[in-house]
Amino acid sequence: MAARTLINVPPKAKRGEVIQIKTLISHVMENGFRHDNMGKPIARDIITTFTCAYNGEKIFEAALYPAISANPFITFYTVATESGTLAFQWTGDNGFSQEATAKITVE
Amino acid sequence: MTDPASRMNTTRRAFLAVAGAALLVRPAKATPASMAAAIRQAVGEAHVKPGRIKLNVPPLVENGNVVAVSVSVESPMTEKDYVKTIHIFTEKNPQPNVISFQLNARAGKAEVQTRIRLADTQTVVAICEMSDGSCWSDKVDVVLTLSACLEDPI
Amino acid sequence: MTPATRFAVAIAALPLVAGAVLPSPAAEIPLNERRSAYEDMSRDNKAMQDDDTSNPGILGVLDGEMLWSTPAGASGKSCADCHGDAKSSMKGVAARHPAFDPVSGRPLDLEQRINLSRQQDQKAPPFAAESKELLALTAYVAMQSRGEPVAPPDDPRLAPFIEIGRALFNARQGQLNLSCAQCHDDNWGKSLAGNVVPQAHPTGYPIYRLEWQSLGSLQRRLRNCMIGMRAEPYAYGALEYVDMELYLMWRARGMKMETPGVRP
């Protein structure tokens with residue numbers, strides 16, 4: 001199954017309103033410090049970056065390390081400036097890449 | 001799809017390896033010195049002062065695998081005066097860096113939340129860098145209590 | 001200290017468990033004193049469970065929702081093709097499982113019931129125990145009972161299995177010679193190695209357990225406790241688990257379902 005994302009952006013906001021954005025994505029965040037039952041190290045497999053663009057302009061970015069819990073949860077704020085699309089992207093080890101979008105109407 | 005049996009074994013092994021609730025252990029843990037180095041790397045030589053930033057972590061944590069953290073910074077968040085970055089570091093995880101956020105004036109409000117892993121009872125540090133180059137910090141000492149019913153420790 | 005020794009030390013510190021004094025048989029918890037382990041969680045963990053946009057268990061529920069409408073097996077049908085909208089067709093179903101299955105003459109838990117329908121009706125191979133798919137579908141089906149009271153079927157054919165479950169719950173087992181009831185009936189609310197001993201109500205399953213960093217079934221939770229008691233856990237799918245699950249549901253009758261629960 002592909003990574004599952006759960007994005008919460010208010011569908012409607014007033015121009016200039018500060019809105020909270022919540023994001024959750026399914027990912028093991030294997031930290032690279034563990035060993036399997038044969039004593040072999042388990043390779044690191046984490047999400048390393050998360051970005052959010054609002055109508056194409058990057059408004060937020062995070063660099064993630066192995067100490068982020070499995071199924072990373074990140075929330076932040078932005079000012080509702082205009083109607084359009086928020087585009088989220090997660091990238092990580094082993095070519096991991098996942099996108100999600102959310103629409104917002106600004107009045 | 002991982003085979004559930006091997007997934008279980010991995011988990012069992014993890015518990016053997018870590019003797020605790022958190023799944024983060026390797027021989028060389030981060031030390032206050034390596035945390036200091038990671039902080040330098042993140043914010044350069046700027047003088048880091050206490051204040052303006054508030055780190056919220058529960059002082060007593062039930063499970064080190066998932067610790068809710070929020071950080072907020074006092075800032076007008078205008079083009080002239082905003083928070084550029086927020087970083088979280090730990091003292092005793094295998095690696096001091098936890099997460100680094102990049103914000104800009106469009107955020108409106110400098111507040112972020114995430115969930116982190118803590119390998120041990122330790123100090124968590126949050127540092128922010130403002131648009132004027134000043135750096136501020138806050139820290140919280142977190143005590144981990146351990147889970148009683150453990151996955152396949154035998 | 002290894003986890004196992006820490007567990008043993010912590011158990012020795014429980015007043016009723018240690019020493020030569022044989023505790024009187026566990027008294028069942030009066031119905032009006034029952035409480036979900038949710039009540040004892042930290043504010044952060046409660047918030048995680050309460051908010052569907054931050055509860056990681058919801059990621060599994062969403063996977064289950066997708067599987068619900070994905071055709072599979074020789075029937076070429078999806079769950080939805082036969083059952084329609086789960087919101088109505090599956091409402092209350094988790095709250096009344098394990099339920100009696102006349103063919104095997106035994107109770108089936110929800111996972112088994114889903115796999116049965118998958119094999120018999122959908123004509124697809126069953127999902128493995130604890131597989132991501134089975135947990136996802138179970139969580140999706142069980143979430144349709146959220147807020148509903150636990151309602152074990154009033155079926156006389158189940159009675160003997162409830163009794164077996166009760167006997168297992170009260171039996172001393174493992175190297176520490178403990179019973180489930182000693183912790184969960186007699187010592188709930190006390191602290192054990194930093195955790196509050198809960199009453200062990202199965203209202204939130206499958207749960208997102210922080211310890212596991214994933215969804216897991218009630219059987220996985222029971223395995224964890226058995227290992228903690230230094231007893232040999234049964235294999236997944238063992239009849240003993242289903243009987244215990246049935247007893248636990250009966251014991252929790254009337255309490256509200258909370259799937260997907262979050263637990264430390």
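In this predicted model, Glu57(A) and Arg106(B) form a salt bridge, with their closest N and O atoms 2.8 Å apart. One salt bridge is what the rule finds across the interface of chain A and chain B.

**Extent of the interface**
- The contact involves 35 residues of chain A and 33 residues of chain B.
- Between them, the two chains bury about 3,100 Å², and 50% of this area lies on carbon and sulfur atoms.

**Polar contacts and the side of chain A**
- Across the interface of chain A and chain B, 18 residue pairs are found in polar contact, both residues being at pLDDT 80 or more.
- On the side of chain A that touches chain B, the elements giving two or more residues are strand 3 (18-25), strand 5 (57-64) and strand 6 (73-79) of chain A.
- Strand 5 of chain A gives the most to this side, contributing eight residues.
- Sorted by class, the side of chain A that touches chain B comprises 22 nonpolar, eight polar and five charged residues.

**Strand pairing between the chains**
- Strand 5 of chain A is joined by four bridges to strand 6 (residues 97-102) of chain B, and the two strands run antiparallel.
- Ala63(A) stands opposite Ser100(B), a residue in strand 6 of chain B.

Note on methods
Residues numbered from 1 in each chain as written. Chains lettered and ligands numbered in written order. Predicted model: local features only at pLDDT ≥ 70, side-chain atom pairs only at ≥ 80, totals over all residues. Heavy atoms only, no water. Contact = heavy atoms within 4.5 Å. Buried area = accessible area lost by both parts, 1.4 Å probe. Salt bridge = Lys/Arg side-chain N within 4 Å of Asp/Glu carboxyl O. Polar contact = N/O pair within 3.5 Å; in protein donor to acceptor, adjacent residues only side chain to side chain. Nonpolar A, V, L, I, M, F, W, Y, C, P; charged D, E, K, R; others polar. Pairing = 2+ DSSP bridges.
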